[in-house]
Amino acid sequence: MLKLIRRQLVHEPFRTLLTCIAIGSALAVILLLEGFQTGLYVQLKNVALTRGADLIVTQSGVTNFVASRSLLPQISREVVESIDGVKEAHPITSMPIIYDKPGYRKSPVFFMVYDTGGGPVVIIEGQKASKPRDIVIDKSLAVLYDLNVGDPFIVADFKFNVSGITEHASALFTAFAYISYDDMIDFFFDSDLIGDISNLPLLSFLLVEVKPGADKNTVAAAIEAAEKDADVYFPEQLSKNDVTMGQTLFGPVMGVLIGAGYIIALLVVGMIMFAAVHARLRNYGVMKALGFSNHLLIKGMVIESLVMIVLSFPLGVLLAQLAAMFIEYTVPLYMVPVLEPVVMLRTFIAALILGVIGAYLPYRSIARLDAAIVFRS
Amino acid sequence: MIYWSIKTLFSEPMRLMVSALAVAVSFILVIFFSAVFEGESDQIVAYLKKMDTDIWVMQKGVSNMHMASSMLWDWKADKIEKLPEVKEVSAILFLNGPIKIGGKDWFAYIIGLSPKYQRGGPWDMFKGKAIPGPGEAVIPEVINRLTGVTIGDEIIMLDRPLKVVGLTRGTFSMASSVVFVSHEDLGDLVEAPDQYSYIMVNAKPGVSTQSLIKNIKNEVDKVNVLSNEDFIKSDWTLAVQMGAEILRMMTTIGTLLATLIVAFTAYSLIARKKQELAVAKALGFSNGSIYLAALCQSVVITGLGLLLSLLLSYTVIIWLPLVIPQLNLTVRLHHFIPLAIIALPVAVVASLIAANTVARVDPMTVFKG
């Protein structure tokens with residue numbers, strides 16, 4: 001049976017190629033959607049993890065790092081740094097703003113205000129903020145608003161200067177921009193925003209560096225005991241909480257989209273198997289006349305379908321990776337990791353199952369086939 | 001040839017159906033994405049729409065509620081209330097952030113209601129009390145359905161436990177479920193006990209909105225004042241544009257996939273009918289008429305796919321939120337316009353691929369076995 005399938009595939013190479021492209025494309029769509037979903041979660045996961053902290057201090061009750069309004073008393077830094085085992089506590093403040101450049105669309109941006117730690121992880125162009133009013137923006141903002149190093153970045157009439165461009169600094173469809181504490185205070189005063197705020201939201205989180213040899217759990221417990229208004233987390237825990245929040249937000253939508261991707265793949269496989277069966281009705285007639293059972297013929301169809309899936313999968317991965325690279329290049333706000341081993345394995349197994357189901361779709365055509373067809377012209 | 005082409009296509013209705021369905025689902029992938037973004041965007045402005053006010057007053061430099069933060073001293077509401085053109089004023093404290101309900105973090109619009117201004121409260125109650133007092137909260141009934149948290153249960157806003165006293169309708173959204181709490185609780189947690197975020201102003205009959213906006217800007221420092229329409233438009237546009245790029249990508253991907261499916265169907269049909277086509281060529285039919293036949297098949301498959309996608313969108317997609325209540329989907333006819341425009345080139349490209357095979361058919365094939 002395998003030999004027959006191989007011959008059929010080799011006999012019409014163009015058709016085999018087109019079939020592989022069709023199945024590969026359908027699989028590429030699934031991989032892309034899976035990659036898009038994974039990317040959303042990876043972005044959320046990385047925000048807390050890449051801040052370079054051993055422990056993260058939040059306002060009591062705040063369990064997320066991304067998109068949370070955490071407000072710590074300013075004295076917290078001093079309190080935390082006085083605890084045995086703490087090397088340094090870096091303040092960081094997260095502040096949502098809306099960026100509106102004339103002639104372009106509005107975008108929400110998270111200002112990440114930092115002092116001695118927790119700033120941009122990589123700078124792909126320019127440099128970190130070193131002068132007053134310097135700002136480091138994510139690549140997605142640079143692409144969307146045609147911004148380069150040295151360009152102005154105006155928010156609420158306050159002019160920042162783009163000193164550097166970072167990458168992979170976004171989450172929840174929102175890009176990050178990094179500024180210094182001095183500039184944040186100037187921004188509040190210069191743009192007249194300060195008038196209605198009784199307490200400046202100066203401190204959202206503390207990124208704690210633990211002294212070498214100190215036990216992190218002991219230090220965390222000591223911080224919680226000393227600062228009643230705060231909770232202490234390992235970055236991994238906050239990162240996990242952010243991902244869980246992302247799953248609550250995007251899970252249902254992405255589930256439906258990925259489901260639609262699988263339906264497309266199933267229909268494509270079914271369509272191909274229909275075409276294959278109808279093209280070979282006479283052959284099947286001969287085989288039935290020779291005593292092949294319906295079961296055996298369907299088994300052949302299943303094997304052929306599985307072979308096609310196996311042949312198409314690498315092409316699907318390649319197409320998905322190319323599309324992902326294109327998306328990340330043109331819209332760097334998104335991360336689309338399609339080459340995640342778990343996702344690839346899951347998609348491959350699901351595709352094989354689809355192959356089996358798809359092969360059964362033209363079952364009726366084979367079952368109803370009269371062996372006498374072979375004697376007709 | 002056109003008759004032959006249609007007859008061939010409809011001779012295998014099951015196969016035609018599967019092909020058209022595959023095209024339809026490719027299109028639906030695009031429509032679903034649009035429906036999600038528009039549905040969410042509609043829901044993001046649901047609160048603003050339901051408040052039905054004339055004017056919104058907010059912190060200077062702010063022109064949105066979605067993903068924004070605004071703070072105003074409470075005396076500004078009093079000052080606006082005293083303006084002669086003002087009929088009524090209401091104010092809310094607002095926080096856009098996660099709130100823990102049933103062990104999960106839900107991204108929410110947390111609205112702090114003061115006893116003085118209760119107009120900013122729920123507009124459609126499912127059950128219970130509408131206006132929460134200190135230590136109380138009113139949550140969307142969809143969250144109640146999803147988590148089982150109901151009246152009398154506890155939710156956590158930051159570290160503060162609040163007792164659920166009411167369930168509301170029309171307030172759920174993935175990114176902006178509306179949760180009502182007391183101004184006292186929210187003000188305490190965000191350290192803004194004497195502030196509001198947004199002030200709603202209604203003008204007296206006969207007073208023009210624009211003149212009142214101008215007057216408020218003159219009388220009250222450091223505020224931004226927007227008409228209801230402008231504020232809603234600003235938020236809706238911000239929300240819907242957040243998905244603009246990914247929508248364009250999905251449209252491209254969905255269209256490419258649809259092209260490939262149509263091309264494959266047309267190609268495999270024509271490839272199987274090589275002998276008949278050879279007869280046609282031997283009888284003197286030109287390549288042009290055969291190209292037309294291929295085009296005709298592609299147009300039929302694409303058209304059927306488009307029709308099916310329209311049908312499925314207005315049945316399955318509309319019905320989906322009943323099964324998955326987290327989804328807010330809005331299907332509008334304008335979603336189909338780009339697809340309808342794209343459908344014709346899809347059919348042409350697909351038929352060109354298929355027709356390329358036909359053009360190479362040798363009329364001598366008719367004499368082969």
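How many aromatic pairs does the structure hold over all chains? The count is 27, with rings of Phe, Tyr and Trp (its six-membered ring) taken as paired if their centres lie within 6.5 Å. This is a predicted model, so to speak of local features requires pLDDT of at least 70 and side-chain atom pairs count only at pLDDT 80 or more, while totals for chains, interfaces and linings use all residues. Residues are numbered from 1 along each chain as its sequence is written, chains are lettered from A and ligands numbered from 1 in the order in which they are written, and side-chain values use heavy atoms, with hydrogens and water left out.

One of these pairs is A:Y99 with A:F153, which is stacked (planes under 30 degrees apart; over 60 is edge-to-face and the rest tilted): the ring centres sit 4.0 Å apart and the planes are at 5 degrees. It links distant parts of the chain, with A:Y99 in strand 2 (residues 86-100) of chain A and A:F153 in strand 6 (residues 152-155) of chain A, 54 residues apart. Strands here are DSSP runs of E, at least two residues, and helices are runs of H or I, at least four, both numbered from the N terminus. A:Y99 is buried at 2% relative accessible area, and A:F153 is buried at 0%; buried means under 20%, exposed over 50% and partly exposed in between, with a 1.4 Å probe and protein chains only.

Over in chain B, B:F94 and B:Y109 go edge-to-face, at 5.0 Å centre to centre and 85 degrees between the planes. B:F94 belongs to strand 3 (residues 86-101) of chain B and B:Y109 to strand 4 (residues 104-113) of chain B, so the pair ties together parts 15 residues apart in sequence.

Helix 2 (residues 13-44) and helix 8 (residues 228-241) of chain B have axes that come within 9 Å and cross at roughly 150 degrees, with axes fitted to C-alpha atoms over the stretch in contact and angles running from 0 to 180 degrees between N-to-C directions. The two are therefore roughly antiparallel (over 145 degrees; under 35 is roughly parallel, 65 to 115 roughly perpendicular, the rest oblique). B:F37, B:E38, B:S41, B:D42 and B:I44 of helix 2 meet B:D235, B:W236, B:A239 and B:V240 of helix 8, contact meaning heavy atoms within 4.5 Å.

In chain A, helix 7 (residues 235-279) and helix 10 (residues 341-360) pack at about 40 degrees with axes 8 Å apart, and they are therefore oblique to each other. Helix 7 contributes A:Y262, A:A265, A:L266, A:V269, A:G270 and A:M273 to the contact, and the helix 10 side includes A:R346, A:L354 and A:I357.

B:E141, in helix 5 (residues 141-147) of chain B, is buried at 12% relative accessible area. Beyond its neighbours within four places in sequence, B:E141 is in contact with B:F126, B:L167, B:T168 and B:R169. A:A367, in helix 11 (residues 363-367) of chain A, is partly exposed at 31%. Its C-alpha atom is separated by 5.9 Å from that of A:N294, 73 residues apart along the chain.
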